[in-house]
Amino acid sequence: MEGAPTPTGNDALQTAKRLVKETIPKRKKIFTASILCMLGVSFFTAALAYTTKLIVNDVFVAKDAKAAIEVAIIVIVVSLSKSLFHYGNAVLQTVLNRSISSSYQKEAFEKTLRREISFFNGKHASDHMAQIRLYGMAAGQAVTVLCSRFLTEILTLLALFVVMFLQDALMTLYSILIIPVIFGLVSFLSRKIRKVAKEETDLSGHYFAAGSEALAGVRTVKSYNLERKSIDKFNSSVDALEDRIFGISKVTAATHPIMEFLGGLVLGVFVIYAAWQTINYGKTPGEFTAFITAFLLAYQPAAKISKLWVELQKSLTQSFFMLQLIDTKPQSVSYGNKSLDGSLGSITFSDVSFGYENDDVSIDKVSFHLNHGEKVAIVGKSGAGKSTLVDLILGFYGPDNGIIKIGSTEISSILPTALKNHIAFISQDVFLFDDTIEENIRDGYSSASKEEVNIAVRSAQVDNFTADFPLGLQTIVGSNGSNLSGGQKQRVAIARGLLKKASIYIFDEATSALDVENEREIMTAMLKTLESETVIFITHRPALLDYVDKVLMLENGKVVGFDEPKKIEKTSAAFRDLFGALT
Ligand SMILES: Nc1ncnc2c1ncn2[C@@H]1O[C@H](COP(=O)(O)OP(=O)(O)O)[C@@H](O)[C@H]1O
Ligand SMILES: [Mg+2]
């Protein structure tokens with residue numbers, strides 16, 4: 001949300017309305033029970049204030065010992081009831097808060113994960129996680145404040161006003177005069193809070209990114225002696241975040257002393273007024289005690305309301321950004337609904353160009369055609385555009401110009417899930433879930449039979465190393481495969497890809513961590529399994545070119561050679577430059 005404008009008061013209001021509409025109707029029972037508790041709390045708080053009149057007039061002024069027992073019993077029963085309702089209310093508030101916060105965290109995570117690939121460029125995973133957590137909690141907080149904590153305080157305040165009014169109408173009206181003053185103050189503070197709250201959201205993302213970046217890359221950090229640099233980076237993100245949180249507390253804390261002062265002002269005037277009334281008009285001391293008690297008790301909810309209001313601005317600001325996240329539709333390349341079942345695995349690029357945001361073209365007017373079942377190697381220097389070309393086939397990005405077809409269907413008209421089912425992608429950076437080797441392989445095709453898994457395991461030579469593990473295929477790979485070597489991880493990833501029943505297989509330097517001999521064996525086994533499928537290899541190794549029907553050479557995003565491996569040496573000067581003479 002960096003660079004996004006600070007939400008206005010109206011944004012906050014719209015956010016509040018929507019949050020309540022989306023959450024409360026689904027939680028009618030909790031909400032009804034919580035209303036009952038609120039009514040209980042406010043009624044018994046007011047009743048407690050009223051009992052002071054009985055204490056002073058019936059017991060002390062009348063000097064009545066028998067009345068003392070009755071009044072004592074009333075006081076005990078009233079305060080017990082108040083406590084019970086208070087407890088119920090607090091529990092229900094927590095239930096409401098947690099349930100709303102977790103359901104929004106789930107939704108925000110799903111919406112984040114479903115966003116297009118480019119949404120994740122240049123932003124750390126933990127940055128997203130920090131946001132999801134912060135947003136979800138803010139939304140739970142906002143609804144709880146709006147629908148329970150606020151209401152409790154307002155009802156209590158109203159009930160206490162009734163008690164005050166019954167004792168002295170004039171003084172009650174006078175105390176009400178301070179309400180507009182409080183209102184003006186609070187709305188001033190609210191504006192400040194919304195601005196600071198937005199900054200806190202951004203900064204807590206930086207905080208998590210700085211920390212987990214260093215921890216995830218701990219080997220590099222240590223081997224280059226970069227501890228100091230990482231620590232400094234983290235420290236400055238903590239300081240910046242703390243600074244903002246302090247800013248929020250400063251504003252929130254200001255509500256308390258100001259309210260206290262206003263309360264004292266009313267009380268001071270009241271003492272003079274009460275003395276004058278008692279002396280001249282014979283009002284009872286009990287009435288004044290009840291009024292003062294009600295007033296003092298009313299101070300608490302009034303102070304809380306103003307504090308809650310200011311805090312609410314923070315949760316609403318963060319919820320506002322959460323709703324923006326939830327509402328943003330993924331910019332999917334393929335929005336169509338055509339399925340690809342039975343469609344062949346041929347690929348056609350016609351004059352395709354593509355550039356990343358604010359960048360030069362990474363794919364420049366590329367045209368080529370692969371027949372179904374063909375085996376192709378894509379070669380070229382680093383940064384030539386090989387991975388980008390693959391991303392276009394996978395529909396991670398849409399071309400700026402030109403047309404890409406699979407079979408006879410344009411990519412943009414294919415149902416996104418159908419496209420992904422049609423292609424098996426084994427990427428340069430292997431990602432494994434922290435699960436067993438077998439489960440990771442089964443992610444390729446979850447309902448595969450034991451026999452199918454075994455074929456994939458053998459073709460990718462996963463059995464070569466799992467044979468030495470006591471738990472075999474049931475070995476846990478660790479977080480992102482950290483218990484396996486680079487080459488072992490690649491083999492698991494290849495097995496996972498092979499298991500998928502796709503018609504196009506793409507290997508993006510997927511065997512780069514294997515030794516030459518291993519690679520040859522895997523290639524032979526793999527190609528036997530994938531005899532009738534279209535296979536694309538991205539590779540830097542000339543040895544792999546023996547296995548393919550065609551070689552596609554890229555340079556600066558342009559096709560500078562496309563021919564059979566035996567002929568490309570002659571037809572492409574760029575190829576000769578890169579690999580020299582192969583024979
Ligand atoms: N996510 C990205 N955002 C911006 N530019 C990118 C991104 N990924 C790659 N590029 C740029 O696109 C060009 C091609 O990159 P890539 O396809 O990864 O090359 P290769 O796989 O051939 O090494 C490079 O100039 C690279 O800097
Ligand atoms: Mg690449």
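# Shape, strands and a ligand shell

Trainee: What radius of gyration does the protein chain have, against that of a compact globule of 583 residues?

Mentor: Keep in mind that this is a predicted model. A compact globule of 583 residues would come out near 25 Å.

Trainee: What box do the C-alpha atoms of the protein chain fill?

Mentor: Take the box along the principal axes. Its sides are then roughly 120 × 55 × 50 Å.

Trainee: How many Å separate the centres of domain 1 and domain 2?

Mentor: Start with the bounds. Domain 1 covers 9–201 + 250–327, and domain 2 covers 347–384 + 397–579. Their centres are taken over C-alpha atoms. The separation is 60 Å.

Trainee: What share of the residues in the protein chain is buried?

Mentor: A residue counts as buried if 20 or more other C-beta atoms lie within 10 Å of its own. Apply that to the 583 residues of the protein chain, and the buried share is 38%.

Trainee: Which residue of strand 5 is the bridge partner of Ile 406?

Mentor: Work along the pairings. Strand 1 (residues 347–355) pairs with strand 4 (residues 401–406) in the antiparallel sense, over five bridges. There, Ile 347 has Ile 406 as its bridge partner. Strand 4 also pairs with strand 5 (residues 409–410), again antiparallel, over two bridges, and in strand 5 the partner of Ile 406 is Thr 409.

Trainee: Which residue takes a positive phi in the hairpin of strand 4 and strand 5?

Mentor: Two residues lie between these strands. The phi in question is near 65°. The residue is Gly 407.

Trainee: Which residues of strand 6 point the other way from Ile 423 and Phe 425?

Mentor: In a regular strand, side chains alternate between the two faces of the sheet. Strand 6 spans residues 423–426, and Ile 423 and Phe 425 point one way. Both are buried, as are the two that point the other way, Ala 424 and Ile 426.

Trainee: Which residue in strand 7 stands opposite Ala 424?

Mentor: Strand 6 pairs with strand 7 (residues 504–508) in the parallel sense. Four bridges join them. Opposite Ala 424 stands Tyr 505.

Trainee: Which helix gives the largest share of the shell around ligand 1?

Mentor: The residues around ligand 1 include Asn 121, Tyr 356, Lys 386, Ser 387 and Thr 388. By type, the shell has two nonpolar, eight polar and two charged residues. The largest share is three residues, and they come from helix 10.

Technical notes. Residues numbered from 1 in each chain as written. Chains lettered and ligands numbered in written order. Predicted model: local features only at pLDDT ≥ 70, side-chain atom pairs only at ≥ 80, totals over all residues. Near = placed C-beta within 6 Å. Nonpolar A, V, L, I, M, F, W, Y, C, P; charged D, E, K, R; others polar. Pairing = 2+ DSSP bridges. Domains from an automatic or database assignment. Rg over C-alpha atoms; globule rule 2.2 N^0.38 Å. Buried ≥ 20, exposed ≤ 12 C-beta atoms within 10 Å, placed from the backbone.
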